[in-house]
Each structure stands twice: as C-alpha cells, then as structure tokens.
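The sequence and structure come first.

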Amino acid sequence: RQQDLLQFQEPIQSICVSKHAPLESGFVTFHHSRDDGSSLLLWKDWKIVSLIHLRLTARRRPQIVYDGNRILVLGEDHIGTILLVYHILNGEFESQAEEPANGEASGGVYHLTVRPAFRFANRIR
C-alpha cells in the first residue's frame, strides 16, 4: 500500500529500539507535526510493515515505549490523558492475530504487508 506512504512526509522525530529483544524484532520510528499529529512506523528487515496514525492531540508529543513485544503510547486526546497499547504479532501474541491484512484496522493501524505485524490491544484512561 504505497499510496499510504506517499502522503506520509513527516521527518523522523525519534527511533525506538527494544533494549531486550534482538534487532530482528524490528524498531519503531516516531513522526510528529503540529498540523497532522503523530504517527508511528514499524520496521522489520529494514522495510516498513505497518503505520499507526495516533489520533491524539497535535499540541503535545506523546511518549513511546517499545520492548519488542509491545508498543505503549502515552499521550492526550480530546478527553484527557490516554495510554494506547499495541501488541507485536510475534512470539507470545502471534496466535492472537485476527487483524485484516492490507488495510486499516482498529486503533489507527494500517497494515502495509500481507501478514499483519501488530494489532491494537487496549485503550486505558
């Protein structure tokens, strides 16, 4: 789904690499602009496999934590503080893969490959 990435032109603000998992588990890049808000790209084998458009307020940059199995996003939306949890679909969460491939799934997740790379798990206020 290259058309999703053609409109995506925000520079990388930060790179999140797991301290406990090997580099093969991938890494996450964070992109932010005051106009478009925040987005995450999940990379595996040096290719972009998924995009998350974070539907959070564009005024503040969220905090991102990536441990190889989960992506945690602490930010704010129109209601208040929110914690978003995404599970990487490898290892312990792979058997729970119910996401549709090649398209938008829940939680602002866009799968760019045939096999989904992660899924939206929870929203905590």
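Two strands count as paired if DSSP finds at least two bridges between them. By that criterion, E6 and E7 are paired, with 7 bridges in the antiparallel sense. The model is predicted. The points below follow the sheet from strand to strand, then turn to the core and the pocket.

**Sheet layout**
- An open sheet is built from 4 strands in the order E5-E6-E7-E10, with antiparallel pairing.
- Strand E5 (63-66) and strand E10 (118-124) are the edge strands; each has a single partner strand, so one side of each lacks a neighbour in the sheet.
- On average, neighbouring strands of this sheet are turned by 15° against each other, direction ignored.

**Strand pairs**
- E5 pairs with strand E6 (residues 70-76) over 4 bridges, in the antiparallel sense.
- Within that pair, Val65 has Leu72 of E6 as its bridge partner.
- E6 and E7 form a hairpin, with 4 residues between the two strands.
- Ile71 has Tyr86 in E7 as its bridge partner.
- E7 also pairs with E10, over 6 bridges and again in the antiparallel sense.

- In soluble globular proteins, nonpolar side chains tend to be buried together.
- The largest nonpolar core here has 22 residues, and the members that touch the most others are Leu40, Ile71, Val73 and Tyr86.
- E7 gives the most to the core, with 4 residues.
- E7 is mostly covered, as 6 of its 8 residues are buried.

**Second largest pocket**
- The volume of the second largest pocket is about 160 Å³.
- It is lined by 14 residues, of which Arg55, Ile82, Leu84, Gly107 and Arg123 are the closest to its centre.
- Strand E4 (47-54), strand E7 (81-88) and E10 are the elements that give two or more residues to the lining.
- E7 provides the largest share of this lining, 3 residues.
- By residue class, the lining consists of 6 nonpolar, 4 polar and 4 charged residues.

Definitions and conventions: Residues are numbered from 1 along each chain as its sequence is written. This is a predicted model: local features need pLDDT of at least 70, side-chain atom pairs count only at pLDDT 80 or more; totals for chains, interfaces and linings use all residues. Side-chain values use heavy atoms; hydrogens and water are left out. Axes are lines fitted to C-alpha atoms, for helices over the stretch in contact, and angles run from 0 to 180 degrees between N-to-C directions. On a 1 Å grid over the protein atoms alone, a cavity is a set of points where a 1.4 Å probe fits but cannot get out, and a pocket is an open set with protein on both sides within 12 Å along at least five of seven lines; lining residues have an atom within 4 Å of a point. Grid points are joined across faces, edges and corners, and a volume is the space filled by probe spheres set on the points. Ala, Val, Leu, Ile, Met, Phe, Trp, Tyr, Cys and Pro count as nonpolar, Asp, Glu, Lys and Arg as charged, and the others, Gly among them, as polar. A nonpolar core is a set of buried Ala, Val, Leu, Ile, Met, Phe, Trp, Tyr and Cys residues joined through side-chain atoms within 4.5 Å. Buried means under 20% relative accessible area, exposed over 50%, partly exposed in between (1.4 Å probe, protein chains only).
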